[in-house]
Amino acid sequence: MDPITLISIIKGGLILGALYALMATGLSLVWTTLGIFNFAHGAFIALGAYVAWQFSSADALGWPMLPAVLLTCAVMFLVGVILHFLLVKPFERRSDVVLIAVITTLAGSTILENGLLLIWGPRSKQIEPLTRGEVDLAGLHLTTAEILLLVLVLAILLGIGMFLRYSRPGRSMRAVSQNREAAQLLGLDVPKLYAIAFGLSALTAGLAGIFLGTIRFMHPAMGSEPLMKALVVVIFGGVARFSSPIYAAFIIGLLEAFSTYIFGVYWAPAVLFVTMIVVLLVKPEGLFGKYQRTL
Amino acid sequence: MRYDPPLQKTQGLWPLLLAVVALVAYPFVFEATYFRHVMILAFVFAIVATSWDFSLGFGGLFNFAHVALFAVGIYTYAILAKTLGVSPWLAILAGGFTSAFVALLISIPVLRLDGIYVILVTIAFSQLLYLIVISASSVTGGTSGMVTLPTLTINGYRLSGDGRIGYYFVGLGLLAANILFLYLVTRSRLGRATVALKDNKYYAIARGISEARTRALTLMASAVFTGLAGAFYAAYLRVASPDAFGMGFLTLLLSILLMGGAGTIWGPVIAAFGISVISEWLSGFGAWQNIVISVAIILVVVLYPGGLWAAIQEIREAVDNVRTGTLARLRRNRGRAEREALTGATERMIRTRFAEIAVADTGEAEKPALLFCHGNSACKEAFYKQFRSMSDTHRVIAFDLPGHGVSGNGDPETTYNVAAYAEIAEAVLADCGVDKVAVFGWSLGGYVALELAARGNVEVTALAIAGTPPLAVVPEDFGNGYNPDSHLVLAGKQYFSRQEARDYGNSATAPISADSAFMHRNLPRTDGRARVYMMTKISIIDWPRQMRMLAEGRIPFAILNGSDDPFLNHGYIARLNYGSIWRGAPQDIMGGRHAPFFNKPDAFDLAFYAFLRDAESGSDATFRPSRMAATA
């Protein structure tokens, strides 16, 4: 393997990792705060891409990118809050909420995907990339879009991290995820925080969808494959800290890039799933997780 | 506690026979291929959904790779029958085997995990299988799948001929075999262990159930017919496509399972037929098909978590409530003279805050009062022999518990429990104007008597029980105090078949004779909810308070069990700590059964009279601490 190939594999891995990090962060936000797994996350990704396309594409409204993205974020946050009220909130107090949430979010995901199909039709679409420039760095070929993606994702993750760490609602959300009862006793508005967490998760999914929409073709089920990858990432890294799925995302991204090179594009995902199952067998709490006995 | 009557003795037999006749007749009535096609799909979905229910509903194992097990059956058939040229029938059998083997593989990562992790790992596993199928395109055909698979034949006759009638009956047979298999498995040791692990994992493990082995076996048992159904499905449609791994198929099966009702066998079977028809009908509407099914899933989970099966049960319960309530109201007037002749007491109805209660009272306020509390599914006339023999010296009072005899039915949540029964006994005594009373309680009535005395709102001058092991800790002491090899488990069963009613009546009171026939006639009147709620609410009673009362021994107390009581563990009752018990130990009525006052009235009356006399004189010689209390 010559150094150029090696570097371009690493480059591909980092870009994959950045996308996975964005998706996995949204997923783990809901998981840690609400204690449920949101299977509609993949559909959120697709929805974000379609909404952004609707605002920005020359075939639709044709707005400039920045307002389109901002408005998409707002729409996604709202969709997240609404779906939280429809799919999760009614069952919050049930003892089998984990299973029920799986069922309702799966159903919600089916509704969203088929809704997309009804509204925008089956024809593939693509969002215009923000920039079309290209850069050659010591023999390494990079598009400015790729650089922008890496920078933006890192900035978004940093922003979410700062929000969780320093802002009042962010800190409240972490408190709720650590101990719901205690947080409630201290006067935190838990239902509101749950709604915010769900909305924020949908927002990050929407952003991931926009990035995906610029580099791949869009179709209603475009989120299901990234969702599976995000699932692998979250399990692989655990959700002990905000940063653990991010590290895991880059590891998985690199692993996928290398195994695609070595085993081919078809077998690479299988390698990831095998890795995940092995991790679960050895360390069910995830690579960066702390062992906790759950009842 | 084992009481599993064979299917032919339960109430499910006739609906089942009707369904079988209807399904066998169906293809001869509906000859169009399409109608048969929908039913064949329904058979397959019913098999997969019920099998899934064994691991998910019965075992609480959220195996989301179940659909992948179905796909394993499909591809096993496709590869064996087409690529390798194996006989299609053998290939179908092999589908069951490979599916069970894959289930064993899935169980390995699942063994150590709980809750949501099981869901995630099984989904990952199913994705892994999907990716392998997609990737190994030289064997499986990749994303385009395999087509023109061999069809099933018998001696050269193609099952798809004559409007697919052959496939119809093979599918029906497979479904019947699957139901029989699940019916037997859920009643086997494995099935009980599976349910026990779901209900109370750590207790089950402490009782020696291996979690790992049970999980693996549960998953394998749920896989066998899933694989067979997959292979049959492939043979029928002659196509193996990776779509079988998809979320659409998963959602469809999940909706069948949930709408039918998780944790039941019949619910998903019924739902499979309904949803297959609806789904086929909706398939012309494209994307709307999945949207409608998904909305329906959410609505069922929100509004009707128990599914169709729960709805059927609720209707049945409402009907039964009307039946028993009407029966009680009718008998209140029509049989009254007969009942009063039997007991020699006058019967009147009193209002309590729980229900209308029928009270038999011999009146005569100057005599010492004596209250009798009857047992589960019985009535106050059970004591008619004591009404006759003791009314000369005592004012004898007995009442029908709510939901029993000619009393009205009550709100099950608040009424059908021992604490409410004790409060009703207080209300009855207040209505009679009695403030000092000797109490005798039989079986469930024994707990009512104990609770009445422990509450201390009424002065109990003497307390005797029969057929009642006092409890300290439930459910442990329930297991210790009763003999599990009896019809006891019926005491908490909502609906009795004729056989069960006879069994329970025979064991609880007496085998049917001219003397006991009225008790057997009364039994079906009992509100089934009274049995269920009483049993499930057994843990809300302050049992330790009763035990403390018995250990303190301030109230003259006697135990007068039948020596041949089939329900009791006599050793447990003898070993308890009684601070003061008549003659120092439980006194057995020789030859008496669960209702000694009914089976051996003379011996019982002799003992009971002696106890009442001693209680009145309060002689320390006859009331001694039990052996346990003396050594303590």
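Pro475(B) lies in the loop that links β8 and α20 (476-481) of chain B. In this predicted model, the peptide bond running from Val474(B) to Pro475(B) is cis, with omega near 5°.

Arg238(B) has a phi near 60°, a positive value in a residue other than glycine, and its place is in the loop between α10 (211-237) and α11 of chain B. Ser377(B) also has a phi near 60°, and this serine is found in the loop between β5 and α16 (384-390) of chain B.

Now for the chain as a whole. Chain B holds 28 helices and 11 strands, and its C-alpha atoms fill a box of roughly 95 × 55 × 45 Å along the principal axes. Of its 632 residues, 52% count as buried. If we take the contacts in chain B with a separation of 6 or more, 76% of them come from residues 24 or more positions apart. The chain is divided into domain 1 (18-243) and domain 2 (335-472 + 541-631), and 56 Å separate the centres of these two domains of chain B, taken over C-alpha atoms.

Helix α14 (residues 307-334) of chain B is where Val319(B) sits. This valine counts as exposed because it has 10 C-beta neighbours inside 10 Å, where 12 or fewer is the cut-off for that label. Val319(B) and Ser294(B) are 25 residues apart along the chain, and their C-alpha atoms are separated by 32 Å.

Next comes the sheet. Seven strands of chain B make up an open sheet with mixed pairing, in the order β3-β4-β6-β5-β7-β8-β9. The edges are β3 (346-351) and β9 (557-559) of chain B, each pairing on one side only. On average, neighbouring strands here are turned by 20° against each other, direction ignored. Strands β3(B) and β4 (residues 356-361) of chain B run antiparallel and are joined by six bridges; Met349(B), for one, has Ala358(B) in β4(B) as its bridge partner. Helix α18 (residues 418-432) of chain B lies across β3, β4, β5 (369-373), β6 and β7 (436-442) of chain B, at about 55° to β4(B). Helix α27 (residues 601-617) of chain B packs on the sheet too, touching β7, β8 (459-466) and β9 of chain B, and its direction makes about 155° with that of β8(B).

Chain B also has a partner: 32 of its residues are in contact with 34 residues of chain A. On the chain B side, α5 (115-135), α11 (247-260) and α13 (287-303) each supply at least two residues, with α5(B) giving the most, 14 residues. This side of chain B divides into 24 nonpolar, six polar and two charged residues.

How confident is the predictor? The complex gets an ipTM of 0.82 and a pTM of 0.78. Chain B averages a pLDDT of 89, and 97% of the residues score at least 70.

Conventions
Residues numbered from 1 in each chain as written. Chains lettered and ligands numbered in written order. Predicted model: local features only at pLDDT ≥ 70, side-chain atom pairs only at ≥ 80, totals over all residues. Contact = placed C-beta atoms within 7 Å. Helix = DSSP H or I, 4+ residues; strand = E, 2+ residues; numbered from the N terminus. Nonpolar A, V, L, I, M, F, W, Y, C, P; charged D, E, K, R; others polar. Domains from an automatic or database assignment. pLDDT = per-residue confidence, 0-100. Pairing = 2+ DSSP bridges. Axes fitted to C-alpha atoms, helices over the stretch in contact; angles between N-to-C directions. Buried ≥ 20, exposed ≤ 12 C-beta atoms within 10 Å, placed from the backbone.
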